[in-house]
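Hi,

Here is the structure I said I would pass on. Have a look at it, and then read on for what turned up.

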2 protein chains.
Amino acid sequence: MDKKQLQFFKSLQIKKYRTLHQSFPVEGAKSVLELLTSDFIVETVLATPAFLEQHVALLQNFDCQPVTEAELSQAGAFETNNAALALARMKDNDFQQAEESEMVLVLDNLRDPGNLGTILRIADWYGVSKVICSEESVDFYNPKVIAASMGSFTRVKTYYASLPAYFRQIKPQPVFGAMLNGENVHQTRFSETGYLVLGNESRGISTEVQPFLTQKITIPRFGGAESLNAAIAAAILCDNWRRG
Amino acid sequence: MDKKQLQFFKSLQIKKYRTLHQSFPVEGAKSVLELLTSDFIVETVLATPAFLEQHVALLQNFDCQPVTEAELSQAGAFETNNAALALARMKDNDFQQAEESEMVLVLDNLRDPGNLGTILRIADWYGVSKVICSEESVDFYNPKVIAASMGSFTRVKTYYASLPAYFRQIKPQPVFGAMLNGENVHQTRFSETGYLVLGNESRGISTEVQPFLTQKITIPRFGGAESLNAAIAAAILCDNWRRG
């Protein structure tokens with residue numbers, strides 16, 4: 001790998017350059033393997049000779065380049081994910097309104113990439129296939145988001161939208177929102193379809209989005225902790241939602 | 001802060017030296033404030049003049065030393081937690097058998113410090129005041145455990161024990177265990193008291209501990225993700241348990 005190529009890969013850790021090139025890196029054997037069988041367009045695969053050999057059939061229609069582990073850890077954001085790194089084409093933010101038959105997760109100004117990645121994995125586990133993020137939320141293509149999602153970024157469609165504008169034009173649907181003083185979620189009767197809104201890590205759901213909530217819900221607290229991490233709260237709420 | 005003192009603080013990031021000195025560091029304003037009002041013995045508090053001034057009443061009976069933010073980030077494990085750092089006395093592993101009236105979380109070979117810290121925070125939220133870890137689990141006093149617990153390390157008593165030896169001598173109690181092929185936890189009728197066992201991040205509950213489970217439970221999956229993170233699973237199970 002020459003210096004120019006290395007610089008190009010490293011530049012894609014920054015949102016500005018991902019947007020410019022419409023390309024994003026995916027690191028680590030598991031994530032790359034999930035990417036190859038997804039509907040993303042894969043531009044190139046850098047991998048160790050051992051990885052290329054082990055997955056020769058799967059890789060036959062892709063542009064592959066053998067590299068060393070040292071080159072991979074230089075080119076990527078993570079030192080330890082060093083069997084493979086792929087570049088894929090970013091998708092258009094071709095937002096489609098949620099169908100009336102589905103559950104959609106809405107993230108209002110979520111900022112931590114690890115949280116977004118973990119929430120994608122949780123959404124994927126609970127069969128939620130669409131996530132709508134407010135425009136100022138952390139970038140889906142951030143390498144930490146991709147890594148934390150453990151491959152789920154390939155299955156959960158994620159869109160960015162102005163949430164007030166979005167909610168203004170939807171058909172009437174239940175919109176559940178995680179708030180501090182809502183109904184105890186253990187007593188909530190969830191509908192099978194609709195929206196579940198989760199707010200910012202420290203400030204919760206914004207005042208602009210709150211008017212669109214049809215039901216405020218809260219995870220009951222039994223002990224001394226002041227709060228739960230945003231991804232932990234997302235998991236508990238999705239579990240309660242799926243229980244009905 | 002002189003070089004010798006700095007070296008001493010840095011050494012406490014390593015378990016061997018914590019065990020030798022029976023002392024552990026707590027970093028960051030929130031964690032230090034929770035420590036000061038806990039039942040831990042606080043040996044010394046290093047803090048910025050601003051922190052010392054802001055909390056002068058609370059700090060009056062403690063040994064305090066003013067330091068700069070730069071010194072704090074040098075002395076600690078985290079560069080950003082730089083308002084205060086305290087040293088506290090490790091507690092004896094004075095294991096007390098769980099009372100029959102309580103819920104106890106059991107961690108079988110949990111290895112990731114972030115997971116243990118997050119699980120302590122979850123336990124604290126759900127009013128679980130005792131956690132029993134298998135002897136090879138990650139160290140409770142690891143700075144990443146303390147940081148991730150967000151102060152909950154002061155409220156959740158954590159013991160280390162040989163789990164088979166422990167389970168052999170308890171009175172008959174329900175022992176729920178998170179397994180891949182257990183009963184759907186949405187259908188489980190939990191007892192109010194007993195044990196909930198969570199396994200290792202990649203291998204689950206060990207074959208030595210499995211015979212002591214009285215009920216195997218599983219978080220139902222609705223989508224494509226292969227697994228959930230250990231702390232996420234702990235949160236979902238605690239929530240189901242508290243629902244009854």
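Which elements each supply at least two residues of the lining of the second largest pocket? They are strand E8 (175-184), strand E10 (215-218) and H10 of chain A, together with H7 of chain B. (Helices, H or I with at least four residues, and strands, E with at least two, are DSSP runs numbered from the N terminus.)

Some housekeeping before the rest. This is a predicted model, where local features need pLDDT of at least 70 and side-chain atom pairs count only at pLDDT 80 or more, while totals for chains, interfaces and linings use all residues. Residues are numbered from 1 along each chain as its sequence is written, chains are lettered from A and ligands numbered from 1 in the order in which they are written, and side-chain values use heavy atoms, with hydrogens and water left out.

On confidence, chain A has a mean pLDDT (the predictor's confidence in each residue, from 0 to 100) of 94, and 98% of its residues reach 70 or more. For the complex, the ipTM is 0.93 and the pTM 0.94.

Back to that second largest pocket: it holds about 730 Å³. Its lining has 25 residues, with Leu180(A), Asn200(A), Glu201(A), Ser227(A) and Leu228(A) nearest the centre. (A pocket is an open set of points on a 1 Å grid over the protein atoms alone, where a 1.4 Å probe fits, with protein on both sides within 12 Å along at least five of seven lines; lining residues have an atom within 4 Å of a point. Points are joined across faces, edges and corners, and the volume is the space filled by probe spheres set on them.)

The largest pocket comes to about 1,500 Å³. Of its 46 lining residues, Arg121(A), Leu228(B), Asn229(B), Ala230(B) and Ala231(B) are the closest to the centre. H7(A) gives the most to this lining, six residues.

Now the interface. 32 residues of chain A touch 32 of chain B (contact means heavy atoms within 4.5 Å). About 2,900 Å² is buried between the chains, 59% of it from carbon and sulfur atoms; this is the accessible area (1.4 Å probe) that two parts lose on being put together, summed over both. On the chain A side, Arg121(A), Trp125(A) and Arg243(A) lose the most, together 27% of what that side buries.

Two salt bridges cross the interface (a side-chain nitrogen of Lys or Arg within 4 Å of a carboxyl oxygen of Asp or Glu). Lys30(B) forms one with Glu226(A), the closest N and O atoms being 3.3 Å apart.

Cheers
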